[in-house]
Amino acid sequence: MKDPQPRDDKLFVQGHTMCPGCGVALSVNHIMDILGEDTVVLFSPGCLSAASTIEDNYRFRVPSAHMGLVHSAAFAAGVSAGLEQVGVDDVTVAPLAGDGATADIGFQALSAAAERNDDVLYFCHDNEAYANTGMQGSGTTPMGAATSTTPAGRVAPYGKSSRKKDLFKLITDHNVPYAATATPGYLGDFKEKVTKAKETNGFRFIQIFDPCPEGWKFDGSRTVEISKRAVQSGMWVLAESEYGEIEITRKPADREPVDEYLELQDRFNHLSDAEVAQIQAAVDEFWDGYMEAEV
Amino acid sequence: MTAEQPRVTPEPTDETAAETRVLTGNEAAAHGAKLARPEVVSAYPITPQSAISETMAGFVASGELDAKLFRIESEHSAMSSLIGASLTGARTFTATASNGLFYMAEMLHFASGGRLPIVMAVANRAASPPWNVWGDQSDSLSQRDSGWIQLYAENCQEALDLLIQAYRIAESDDVMLPAMVAFDGFQVSHISEPVVIPSQEAVDDFLPPYDPEDSLAQSLVDGDPKAFHHITPPEASFFEYKYRQAQAGERAKDRIEEVDRLFGERFGRRWGGLFDPYRVDDAGVVLVTLGSLTTTAKAVADEYREKDLPVGVLKLRSFRPFPEDELATVLEDVPVVGVVEKDHSFGLTGSVYGDVAAALTNVDGQLTQNFVTGLGGREVTTEHIREMYDALLETHDTGCVDRRSRWVGVSR
Amino acid sequence: MTVHRVRFHARGGQGAVTAAKVIAPALYREGRNVQAVPAFGVERRGAPVHAYVKYTDAVDELIPTRTYVHEPDYVLCLDETLLETEDVTAGLQPGGAVVINTARSPDDLDVDVDRVATVDAGRIAQEAVGSTIVNTVALGSFAAVSGDVSIENVVEAIMERFPADIQEPNAEAARLGYEQTAVPWGTAPS
């Protein structure tokens, strides 16, 4: 493999200490290329900020600020309003937040900012747990997954018992100008969506499926494969919505059975056949729901 | 530090082209904030300050105030959104009380650590449960370690004046800390009295626009990407940053004094700076007060002086920064000092008492006593204040404190 | 230092708090210092409500407390059904007066104080404003009974505080209240 040459025009530069194969690092790399210089990036506490925004190892070359955990959408809305008031226009205000910050503790702020249509481009990096603090379960942890707070022990439930919270659908139901799901395994689709979001005004939301080698327990060289497999099995839907109307942007011709996706990651290796069947049924239902919801 | 006593109903001067209206404390605070020209306002309704948000919304809707007003969904988000806005270099305002202040407590530390001169009105309200929406000072006093400047207003006029002053103090280059202006919930927030509203021109002259050297906006305009509040590990500059923040807190004392003086020169009203001593010089007994009880205390002090009882009042205006040295100096010849407050910190004593007693610790032979009163909006009457002065006078006569802390007005 | 004290008794929705807030600027116009204090409660429509006003003789005189009024010089009772459930005369000072919204005469009321004034505020409000809200009528009565504020200043305060479409009717209600309040003990104390 060739060593990538450092480029002077990069806004997210080499030297961060994200895990090898981290889905978030892949995604952010492309996001920053598309967003460009007229951007304010806001960091939520998590792996990205811990590994790339340290005082003497700061990897971002746009104006930026570190936020708290609870309030990404509110903080970003404030930045957006402030810039407008002081007369600085045409800037993308982009909070980069994890799934815990978005689906759980920050949901209040998220929902309200969406309802108000605050002018923010919100990125949710969904690696399906609180990765930075030790892989605790979040609202977007999928059913059956083992995390440090939903371990698979000797007593039921084995792994997380409830379904994954569908953030994309929830935000779509707020009637926002643009919402989408994406994943780095489908880069063309990813880039189109980020570009579209950048060129829209109001509240925009992109939930990115970012595989986590350390947390999901798979080898970091297989991140793109995992990302693709998730889409091919229907565990992750690639879709977008404008003002509540959903369109699926990639329909697998034949959805692969979920066990081919699950068996790639040790966080699922405790599942019995019956449990896998349950997950398959849940995915079938999830997928049917999307086919119906599509306009 | 001694103030010229402001007139009870100050007349506007021609210079300030002001008008006098009968306003509630909430309305006065809203007018004060409006005159400061905040650019982003974000406040969540809560008794007893909801009228502030409503009045601000009215100003924006009528075009009197050019600001972005967030219909924000919680107090935590209110402060969060203002932190974001303040980082861009915009002037900001919010208002809250009690549970709302507690809910944004995390963000109070963020604002002060972030060196963001956000200004907030607090209509002091009790801490529940039992559920109680009435006025006492537990909310802001319990947040004394949050790094915010805390200034306490005695009446509606002072609330308006302090809102304007708070911006000038907070935004001083050598301070850059957030400031809260606190006044009694209901006893000030809901009571109407005559208030002088200065003209916009006079306030513009007194308070220039907020224009910080570093901001997200400036960073964008300069094409110089700056990083704010980034992760700073132990061996990096966190400790030094905090030291500078602490020093700024100390310098705020000078600014509070200076701004009070300059405000007096411009608008004809001085309130005393860090504190306002009343008949303290030759007092044998002084009662330290905070907020609207000061008015009652001064009236009772006058009554006692008529009977040749040497009492005085020290109205504390700045609780943070706490003027320890200054207080020790002004009270050094006073044998007995009492502190009355509407909160309690732990056990039977209050927060203000703790700080005052510590400040006076080096004065030989001085005795101090604490009076906790008025919790949950319980009325504090002239009779209660007399009870406090009588206790202090007895301490003065006997030379010993029979009870360090008394809860005045509570039925046992 | 003289502080004059007024207490309003009413039910929620009858405008007692507004009355206190409107008489305050009227008293200020009269050259007095003033404090209007609503009772801070969680009452809703129909429940008993109180409001208080304190004022001085001159504008630079201090009002030393921010408490409710327990020793009123004037009591204004906007709803006579409250006479059955509340002691509207509690704490009334010597020489003080009670004003009651009623069609009955003072002798027919069970109010045991020297000075009881009456006004049929309900009828006046209906005539002038077309509603049952009697607060502005009561302000006119207060001006008549106390003599401490001119009806002109009351009317000006109403014009300042009320929305444009109901200013005139409420000003008229106050004037009628001023003219039609029966003050049996003669001219009001000054």
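Helices here are DSSP runs of H or I that are at least four residues in length, and they are numbered from the N terminus. With that in mind, and remembering that the model is a predicted one, we can begin at the end of one such helix: just after helix 9 of chain A, Gly234(A) takes a positive phi of about 85°.

Helix 9 itself covers residues 223–232 of chain A, and its buried residues are Thr223(A), Ile226(A), Ser227(A), Arg229(A), Ala230(A) and Val231(A). The buried residues of helix 9 of chain A pack against several other elements of chain A, namely the helices 1 (23–35), 8 (213–216) and 10 (259–262), together with the strands 8 (203–209), 9 (238–242) and 10 (245–250).

Stepping back to the whole of chain A, we find 11 helices and 10 strands. The radius of gyration of chain A is 18 Å, close to the 19 Å that the globule rule gives for 295 residues, so chain A is as compact as a globular protein of that length. Its C-alpha trace spans about 60 × 45 × 35 Å along the principal axes, and buried residues make up 53% of the 295 residues in chain A. If we take the contacts in chain A between residues at least 6 apart in sequence, 68% of them join residues at least 24 apart.

Chain A also touches chain B, in a contact that takes 36 residues from chain A and 38 residues from chain B. On the side of chain A, at least two residues each are supplied by helix 2 (47–52), strand 2 (53–54), strand 4 (64–66), helix 3 (72–86) and helix 5 (107–116), and helix 3 of chain A gives the most, with 12 residues. By residue class, this side of chain A divides into 21 nonpolar, 10 polar and five charged residues.

Helix 1 of chain C passes helix 4 of chain C in a right-handed crossing. Helix 1 of chain C makes this contact through Ala16(C), Thr18(C), Ala19(C), Val22(C) and Ile23(C), while helix 4 of chain C uses Asn135(C), Ala138(C), Leu139(C) and Phe142(C); the residues of this contact divide into seven nonpolar, two polar and no charged.

Key. Residues are numbered from 1 along each chain as its sequence is written. Chains are lettered from A and ligands numbered from 1 in the order in which they are written. This is a predicted model: local features need pLDDT of at least 70, side-chain atom pairs count only at pLDDT 80 or more; totals for chains, interfaces and linings use all residues. A residue is buried if 20 or more other C-beta atoms lie within 10 Å of its own, exposed if 12 or fewer, and partly exposed in between; C-beta atoms are placed from the backbone. Two residues are in contact if their C-beta atoms, placed from the backbone, lie within 7 Å. The radius of gyration is taken over C-alpha atoms; the globule rule is 2.2 Å times the number of residues to the power 0.38. A crossing is left-handed if the near helix is turned anticlockwise from the far one by less than a right angle, and right-handed if clockwise. Ala, Val, Leu, Ile, Met, Phe, Trp, Tyr, Cys and Pro count as nonpolar, Asp, Glu, Lys and Arg as charged, and the others, Gly among them, as polar.
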